[in-house]
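Q: Could you walk me through this structure, feature by feature? I'd like to learn how to read the helices, strands and sheets.

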Amino acid sequence: MAHSESPIQARIRRGDGSPVVTTGDLAPSEHFIDGGFRPGKSGRTMDVVNPCDGTLFAQVSEGSAEDVDLAVAAALAARATWGRTVPKERSEVLHRIADRIEEHAETLARLESANTGKPLMVSRDDVAQSVDTFRFMAGACRSLTAAASGDYAADHLSVIRREPLGVIGVVTPWNYPLLMAVWKIAPILAAGNTCVLKPSEQTPLTTLKFAELVADLLPAGVFNVVTGDGPTVGQRLAEHPDVDMIALTGSVGSGRAVARTAADSLKRVHLELGGKAPVVIFEDADLAGAAESLRVAGYWNSGQECGAGCRVLVHESVAEEFVRLLVEQVETFVVGEPTAGEEVEIGPLVSKAHFDRVTGYLERARAEGIRAAVGGAPAEGPGFFVAPTVLVDVPEGAECAREEIFGPVVTVETFSDEAAAITRANDTPYGLSASVWTENSRRGLDLPDRLDFGTVWVNAHLVLANEMPWAGFKGSGYGRDLSVYALDDYSRTKHVMHHHAR
């Protein structure tokens with residue numbers, strides 16, 4: 001294989017200095033509790049930083065346990081009334097929420113880009129997917145099925161009722177602030193629950209804007225937002241005795257902490273955690289198609305994506321050709337600020353801490369003799385930009401191939417036979433997603449059963465549909481987002497038996 005001998009820094013396309021949003025686009029910086037914005041009890045604030053240049057962008061309230069208690073009390077008070085609404089009524093509310101998001105789509109997309117550094121094309125897709133999620137759940141909540149009612153014991157009629165769980169605490173991540181919030185909010189409300197949500201302290205702005213936009217559509221207390229950090233706000237949500245479930249999308253470490261705390265009160269836990277998706281490419285695969293697909297699947301949202309196709313296992317006989325094709329694709333990326341034009345595809349990483357984490361992986365890989373066929377270094381100048389990278393000469397068991405880097409980095413390993421490829425693909429603590437690339441139809445049908453991942457694509461990667469569940473195995477958690485299975489997660493079944501003998 002041909003490789004560059006030194007890292008290649010990204011050329012950053014800078015904007016003209018005009019802001020992505022104005023201060024008038026921001027929602028109030030306070031907590032949203034019981035239908036309105038209110039200041040935090042601590043009086044303290046947290047800084048929100050622009051990842052394109054590291055400057056202060058906004059401030060929001062720093063939540064306390066007392067703020068969480070107020071929000072949970074509001075959700076508890078609203079629980080009975082909202083839970084008794086019929087599916088048609090909840091469906092109509094969810095459709096109105098979808099309409100409201102659609103009406104303000106550009107503002108939400110620009111606010112998301114301003115807060116996270118996402119290219120506008122990514123943020124607009126997030127908003128569009130948010131609209132579709134609400135529309136799907138609006139329909140799905142009206143068509144739930146259960147075991148048929150009937151006499152399963154003589155003279156006793158059995159009926160299965162599906163009921164809301166109650167108050168759901170939600171913790172969302174920084175990589176998809178609006179979309180991951182919606183993935184939780186839509187099924188939670190559709191199932192008749194109320195909600196208290198903690199957005200990431202780094203990216204709270206679109207969640208607060210969403211609360212502002214839908215405030216008149218939901219009864220007070222049904223949806224609440226408390227901004228703050230995990231050890232305070234997240235911890236209190238996980239331990240609160242009146243919270244019936246804690247749902248989190250985040251890191252494995254955060255998932256463990258939440259599950260550990262929730263165990264004390266035996267509340268349910270819904271976890272969607274990290275991933276390290278293997279992309280297994282056989283010698284008969286459409287190599288050009290695989291490379292083109294990974295241009296999106298490996299680098300979407302600057303690689304800050306738990307399902308990213310970031311770990312390639314390619315047959316040794318076609319490895320050199322595949323790397324050439326992938327590098328050709330990666331070299332065409334436009335890296336820049338959201339204001340630098342519609343062509344920008346890769347933005348900065350979300351924070352200085354995450355930038356240091358990703359560049360640390362690259363530095364250690366280089367020290368281990370792993371080379372960058374393209375990229376491999378941070379960009380010069382302000383902001384948290386890292387060049388889109390392909391790492392090659394990656395040995396089995398290398399840190400960069402086992403741990404979730406969560407940046408614009410794809411690693412390439414080689415294999416010689418099918419059994420070894422499947423063994424190595426499964427040799428990871430994660431189990432969120434994987435893909436197989438082959439033109440052999442029998443192999444394409446057989447191998448997904450042998451891969452220990454919640455989603456397996458064949459000749460595709462990172463294609464999602466609201467009708468299908470997104471869920472992981474092993475260290476990737478056990479919550480199910482999207483589809484009617486999410487409604488199952490956020491509800492409970494009750495058996496009611498009537499003795500009707502006369």
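This is a predicted model: local features need pLDDT of at least 70, side-chain atom pairs count only at pLDDT 80 or more; totals for chains, interfaces and linings use all residues.

Q: Let me try one residue. Which helix holds Leu-76?

A: Leu-76 lies in helix α1, residues 65-83.

Q: And is Leu-76 buried, exposed or partly exposed?

A: Buried means under 20% relative accessible area, exposed over 50%, and partly exposed in between, using a 1.4 Å probe and protein chains only. Leu-76 has 33% relative accessibility, so it counts as partly exposed.

Q: What does Leu-76 touch?

A: Contact means heavy atoms within 4.5 Å. Leaving aside residues up to four places away in sequence, Leu-76 touches Val-167 and Asp-242. As for Ala-27, 49 residues apart from Leu-76 along the chain, the two C-alpha atoms are separated by 25 Å.

Q: On to helix packing. How do I read a pair such as α2 and α5?

A: Two packed helices are described by the angle between their axes and the distance between the axes. Axes here are lines fitted to C-alpha atoms, for helices over the stretch in contact, and angles run from 0 to 180 degrees between N-to-C directions. Helix α2 (residues 87-103) packs on helix α5 (residues 177-190) at about 155 degrees, with the axes 9 Å apart. That angle makes α2 roughly antiparallel to α5; the cut-offs are under 35 degrees for roughly parallel, over 145 for roughly antiparallel, 65 to 115 for roughly perpendicular, and oblique for the rest.

Q: What about α3 and α4?

A: The axes of α3 (residues 105-116) and α4 (residues 120-140) come within 8 Å and cross at roughly 130 degrees. That makes α3 oblique to α4. Their crossing is right-handed: a crossing gets that label if the near helix is turned clockwise from the far one by less than a right angle, and is left-handed if anticlockwise. Among the residues that meet are Leu-108 and Ala-109 in α3, and Leu-120 and Val-127 in α4.

Q: Where does β14 sit, and who are its partners?

A: β14 pairs with β13 (residues 278-281) in the parallel sense over four bridges, and five bridges join β14 to β18 (residues 409-415), also in parallel. Ile-281 stands opposite Val-314 in β14, while Leu-313 has Glu-413 of β18 as its bridge partner. On another pairing of β13, three bridges join it to the parallel strand β20 (residues 433-437), where Ile-281 stands opposite Trp-437.

Q: Why is β14 described as largely enclosed?

A: Five of the five residues of β14 (residues 311-315) are buried, so the rest of the structure largely encloses the strand. Both faces are covered, with Arg-311, Leu-313 and His-315 on one side and Val-312 and Val-314 on the other.

Q: And what surrounds β8?

A: β8 pairs in parallel with β9 (residues 194-198) over five bridges, and four bridges join β8 to the parallel strand β11 (residues 245-249). Val-170 has Leu-197 of β9 as its bridge partner, and Gly-169 stands opposite Ile-246 in β11. Five of the five residues of β8 (residues 167-171) are buried, so this strand too is largely enclosed by the rest of the structure.

Conventions:
Residues are numbered from 1 along each chain as its sequence is written. Side-chain values use heavy atoms; hydrogens and water are left out. Helices (H or I, at least four residues) and strands (E, at least two) are DSSP runs, numbered from the N terminus. Two strands pair if DSSP finds at least two bridges between them.
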